[in-house]
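These are my notebook entries on one chain, set down in the order in which I looked things up.

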Amino acid sequence: MASPSQQVTSVASGDVMRLSVKTPQQSRKKNTYQRKPSAQVILAHEMVAGIMRQAESVFSSDKRFADRYVGMARRIAMKYRLRLPSGIRRKYCKHCHSFLRPGANCRVRIGVKHISYYCLECKKFMRFVHKSKSVKKNIP
Ligand SMILES: [Zn+2]
């Protein structure tokens, strides 16, 4: 109820141009999207983990099935707005969404501050930060 009174005062002072510029920002709503119930979120996490496990088991026989499983897992994660654990995030390419298995499908290189995954399907890199104490000790 405070905003209408402010508008009235600003109009009264004759500052109409400023008012027209400011109002869109003031009226912009915050993200009011409600979260899903926690029970559903927990279930969704379990489903994503199970689907990725299935993708892993299927990958050796058929890559396409594994990619389909990745798509299913991503769709569930997006619906329930999950932040997937890093173990799962490294199992698929963030560019082409194909299932990755180091040695078969992607190349892994360890840098000083990050681990880079090179997807052999789309020839793109993914980088993950790592905070390993052993690496820090080796640096002179
Ligand atoms: Zn890729």
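I began with the rule for pairing, under which two strands pair if DSSP finds at least two bridges between them. Helices (H or I, at least four residues) and strands (E, at least two) I took as DSSP runs, numbered from the N terminus. The model is a predicted one, in which local features need pLDDT of at least 70 and side-chain atom pairs count only at pLDDT 80 or more, while totals for chains, interfaces and linings use all residues. Residues are numbered from 1 along each chain as its sequence is written.

**Entry 1: the hairpin.** I found that β2 and β3 form a hairpin with four residues between them, and that K123 in the turn has a positive phi of about 60°. Strand β2 (residues 114-119) pairs with β3 in the antiparallel sense over six bridges, and I noted that Y117 has M126 in β3 as its bridge partner. For burial I counted other C-beta atoms, placed from the backbone, within 10 Å of a residue's own: 20 or more is buried, 12 or fewer is exposed, and in between is partly exposed. Strand β3 (residues 124-129) lies largely in the open, because the number buried among its six residues is zero.

**Entry 2: the whole chain.** I counted six helices and three strands, which follow the pattern α-α-α-α-α-β-β-β-α along the sequence. Buried residues make up 13% of the 140 residues in the chain. Taking two residues as in contact if their C-beta atoms, placed from the backbone, lie within 7 Å, I found that residues 24 or more positions apart account for 43% of the contacts with a separation of 6 or more.

**Entry 3: helix α3.** Which residues of α3 are buried? I listed V48, I51, M52, A55 and F59. Seen down the axis of α3, these buried residues fall within an arc of 100° (taken from the directions from the helix axis to the C-beta atoms), so they line one face of the helix. On the other side of α3, A39, I42, E46, G50 and S57 are exposed. The cover over the buried residues of α3 includes α4 and α5 (86-89).

**Entry 4: α3 against α4.** With axes as lines fitted to C-alpha atoms over the stretch in contact, and angles running from 0 to 180 degrees between N-to-C directions, I read an angle of about 170° and axes 8 Å apart for α3 and α4. That makes α3 roughly antiparallel to α4, a term used for angles over 145 degrees. Among the residues that meet here are V48, I51 and M52 in α3 and Y69, V70 and A73 in α4.

**Entry 5: helix α4.** In α4, A66, D67, Y69, V70 and A73 are buried. Their arc, seen down the axis of α4, is within 155°, so they line one face of the helix, and they pack against α3. The face turned away from this buried side carries the exposed residues R64, R75, M78 and K79. I placed G71 in α4 (residues 63-79) and found G71 partly exposed, with 16 other C-beta atoms within 10 Å. G71 and F99 are 28 residues apart in sequence and 9.4 Å apart in space, C-alpha to C-alpha. R81, which follows α4, has a positive phi near 50°.

Technical notes. Parallel < 35°, antiparallel > 145°, perpendicular 65-115°, else oblique.
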